Amino acid sequence: MVSTALGRPEAVPARKPRGRSTRRFSIGKGVAWLYIIVILVVTVFPFYWMLRTALSNNYSLITNPGSFLPVDFTWGAFGRVLGIASAEQSLAEGGSGASIQIAHFLLNSVIYATVSTVSIVFFSTLAAYAFSRLRWKGRELMFSLFLAALMVPGILTLLPNFVLVKDLGLLNTFAGMILPGALFSAFNIFFLRQFMLGLSEEIEEAALIDGAGRLRVLFQITLPMTSGPIITLSILGFITAWNDYFWPLLVTSDDSVRPLTLALAVFKQSSPQASPDWAGLMAATLVAALPMLILFMVFGKRIVNSIGFTGLK
Amino acid sequence: MLIAPALIGFVVFAVYPTLRGIYLSFTDFKVLSPPTWTGLENFQRLLGDQVFWSSLGVTVYFVVLSVVIGMSLSVVTAVVLHRLTSSTVIRGIIILPFLISGVVAATTWSWMLDSQLGIVNQLIEQLTGEPILFLGSRAWAIPSIALISVWKSMGYTAIIVFAGLQTIPPSIYEAGRIDGASELQMFRRLTLPLLRPVLAMVLVLTVIGAFQVFDIVAVTTKGGPANASNVLQMYIYDKAFGQFDFGYGATMSLALFAMLIVITFLQMRLMRASESDTN
């Protein structure tokens, strides 16, 4: 039994280790914990820095850039970003005078992410049920074709899909943004099919014998039993859609349907090069990240397990 | 039929665009006028396009940096966490950056790396007296973008590797300990070989993802300074949507796709080939 990862492997046997309690003080463990602490600090620090900057007065930031506390504390940046502050007020605190209609973009993001997620998970469930429970001609062939789609990276289909959406006259609409990803996801179908294959069919067969229709069996028996993976895929899908940047960038041309991620990038790119409104920008990033952080507070454990779970399939 | 919606989505938004993308790459499509067939012209142009080759170089540089650093940190973090604690809270904190968008991460880091007021440069100036132009210099642009990318995805990868570690039965380590193996030996002789399938999958996915990096670059440098961080996806976007040269954009996408297939295939082969000599 060797407890130290670094050096002196021979030192231990003399004092007969008794499980964990003796290992606790080893150098190896100390180094390992130190490493974890560094990783945690580097991970969390940028979030703290967003908050610290967002609560600072943008003019005063220059006077004390290294301060670990907000400089000249004010809620002004949030006021500017949310469009509450008047133009004079925002200029006085170092804003650019420009604001970002956060509420509007937030709503766009909610619509985009929610509709995309609900739709793709729903249709994937239907397809997974057909692949795992129904017998039909060409099933295996179709399934292999679907799997092949997993290999094609987005870049190849992005431009043609843009042209398609344009031809359909759906540019700059929610439909155009959502539709290409709303019906088919090879990964979701594969993932749900694997899970459904592992479920016992007995209850379903009993229900069928009792005269329930296929759809009724699917919605009242299979679906509730599959709720775990469905929630997993929904959470991951929602995160992906919420953070999506490239596709909305291609198909939107003005603010009417743009999601928050995109609006934030535009806000960042349009801020003056010479002296950007960093406090305002950080307030905006915080607002953009907030829904994900809340999701994390509520589903944290579930998200952690989901990621590990999907990675192993 | 239940499969109909997925099938329609598959045909209309996956198969059809793939075929159309291949077709468009042989045309001079400019969005406003219908495409005309130009044969291999785009491919010849590609071979002689200096910017394409330089952005391929930039992309490969980014992929190597971000994948090597990212994978090493993820594996070490996962292994260390696995040996120390099963705390979900710590694992939760580590994936926080994965939850936010690339745009949010890039905006925050471009503030922290700002040459005058950024906190990172404040600290560096105190140590060396000289600020580093992280995102504004040719030498630092790609390493900085790689750093942001690693920060954002490291935890996510670590959690997948961690889940892989949990599938290794503890009895194997017990046996290793009885045989007198050190932690480092056990890591090299037991953990790494047993993790190979998970690592292979994660590696393939990270490489494919890294080749398509876009949002961090778009927010921080827009490909600059002087094309120093002009990654392929940025160049394709610029050609297709900045200059409406869709045919050529499609050609480059196809080239990127072909490279990804070859790389994925090679990675799979390498991972499989080295499987036999470790056991």
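Contact is taken here to mean heavy atoms within 4.5 Å. The structure is a predicted model, in which local features need pLDDT of at least 70 and side-chain atom pairs count only at pLDDT 80 or more, while totals for chains, interfaces and linings use all residues. Residues are numbered from 1 along each chain as its sequence is written, chains are lettered from A and ligands numbered from 1 in the order in which they are written, and side-chain values use heavy atoms, with hydrogens and water left out.

The secondary structure of chain A comprises 15 helices and 0 strands, where helices (H or I, at least four residues) and strands (E, at least two) are DSSP runs numbered from the N terminus. Of its 313 residues, 52% count as buried, a term that denotes under 20% relative accessible area, with exposed meaning over 50% and partly exposed the range in between (1.4 Å probe, protein chains only). Among the contacts of chain A between residues at least 6 apart in sequence, 66% join residues at least 24 apart. An unreviewed UniProt entry annotates residues 30–51, 110–131, 143–164, 170–192, 217–242 and 278–299 of chain A as "transmembrane region"; UniProt positions are given in the numbering used here, feature names are shortened, and annotations may be inferred rather than shown by experiment. For residues 170–192 of chain A, the end C-alpha atoms lie 31 Å apart and the span is 52% helix and 0% strand, whereas for residues 217–242 of chain A the corresponding distance is 33 Å, with 96% helix and 0% strand.

The interface between the chains brings 87 residues of chain B into contact with 89 residues of chain A. Together the two chains bury about 7,900 Å², 82% of it on carbon and sulfur atoms, buried area being the accessible area (1.4 Å probe) that two parts lose on being put together, summed over both. Leu2(B), Phe13(B) and Trp111(B) supply 11% of the area that chain B buries against chain A, more than any other three residues. The count of salt bridges between chain B and chain A is 1, a salt bridge being a side-chain nitrogen of Lys or Arg within 4 Å of a carboxyl oxygen of Asp or Glu. Arg20(B) forms a salt bridge with Asp167(A), and the closest N and O atoms are 3.0 Å apart. Helix α1 (residues 4–24) of chain B contributes the largest share, 14 residues, of the side of chain B that touches chain A. That side of chain B divides into 60 nonpolar, 20 polar and 7 charged residues, with Ala, Val, Leu, Ile, Met, Phe, Trp, Tyr, Cys and Pro counted as nonpolar, Asp, Glu, Lys and Arg as charged, and the others, Gly among them, as polar.

Asn243(A), which lies in helix α12 (residues 227–243) of chain A, is buried, with a relative accessible area of 12%. Not counting residues up to four places away in sequence, Asn243(A) touches Thr261(A) and Met292(A) as well as Phe98(B), Leu99(B), Ile100(B) and Ser101(B). A polar atom of the side chain of Asn243(A) lies 2.8 Å from the backbone oxygen of Leu99(B).

Over all chains, the structure holds 8 salt bridges. In one of them, the side chains of Arg133(A) and Glu204(A) meet at 2.9 Å, N to O; this pair links distant parts of the chain, 71 residues apart, with Arg133(A) in the loop between α5 (102–132) and α6 (139–148) of chain A and Glu204(A) in helix α10 (residues 202–209) of chain A. Both Arg133(A) and Glu204(A) are buried. In chain B, the side chains of Arg83(B) and Glu183(B) form a salt bridge (2.9 Å, N to O), which joins helix α3 (residues 50–84) to helix α9 across 100 residues of sequence. Arg83(B) is partly exposed, with a relative accessible area of 28%. A further salt bridge pairs Glu174(B) with Arg177(B) (3.4 Å, N to O), both in helix α8 (residues 170–178) of chain B and 3 residues apart, about one turn of the helix. Glu174(B) is partly exposed at 43% relative accessible area, whereas Arg177(B) counts as buried at 13%.

Leu165(B), found in helix α7 (residues 138–166) of chain B, is buried, with a relative accessible area of 1%. Leu165(B) and His82(B) are 83 residues apart in sequence and 7.3 Å apart in space, C-alpha to C-alpha.

Key:
A polar contact is a pair of N or O atoms within 3.5 Å; within protein, one must be able to donate a hydrogen and the other to accept it, and residues adjacent in sequence count only if both atoms are side-chain atoms.
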